[in-house]
Amino acid sequence: MPTESELLKRITARPDVFGGKPIIRDMRISVELILSLLAQGVTPDAILVDYPDLELEDMRACTAYAHAVIAGDTLAAVSVQQ
């Protein structure tokens, strides 16, 4: 099972996509969207059906990102393009 640091490598941010908000694997799917769906009770399986390019590890990466932000941990593994 990947570590939190390994999961965070799936999260990227580009200024030209969603105003630089964190996205998953450089796709146009935001971390915010996935966290919102999970918070609303949408199951990971249902999300995977709606977003077939996603992987279960991508959703784990979103929750790892949220944890790192709330805990004040380093986000050095997140790729941020300028």
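Predicted model: local features only at pLDDT ≥ 70, side-chain atom pairs only at ≥ 80, totals over all residues.

Leaving aside residues up to four places away in sequence, Ile-34 touches Ile-24, Ile-29, Ile-47, Leu-54, Met-59 and Cys-62.

Where does that put it? Ile-34 is among the residues with the most contacts inside the largest nonpolar core, which has 17 residues. Others on that list include Ile-11, Val-31 and Leu-54. The elements that give two or more residues to this core are helix H1, 4–8, helix H2, 31–39, and helix H4, 56–71. H4 supplies the largest share, six residues. As a general point, nonpolar side chains in soluble globular proteins tend to be buried together.

Now helix H2. Which of its residues are buried? Val-31, Ile-34 and Leu-37. Seen down the helix axis, the buried residues of H2 fall within an arc of 130°, so they line one face of the helix. Their cover includes strand E1, 11–13, strand E2, 22–24, helix H3, 44–50, and H4. Just after H2, Gly-41 takes a positive phi of about 95°.

Stepping back to the whole chain: there are four helices and three strands, and from the N terminus the order is α-β-β-α-α-α-β. Of the 82 residues, 33% count as buried. Among contacts with a separation of 6 or more, 52% are between residues 24 or more positions apart. The chain exposes about 4,900 Å², with carbon and sulfur atoms supplying 56% of that.

That's what I have; questions are welcome.

Terms used
Residues numbered from 1 in each chain as written. Heavy atoms only, no water. Core = buried A, V, L, I, M, F, W, Y, C linked by side-chain atoms within 4.5 Å. Buried < 20%, exposed > 50% of the residue type's maximum accessible area, 1.4 Å probe, protein only. Contact = heavy atoms within 4.5 Å. Arc of directions from axis to C-beta. Areas by Shrake-Rupley, 256 points an atom, 1.4 Å probe, with all protein chains shown as cover.
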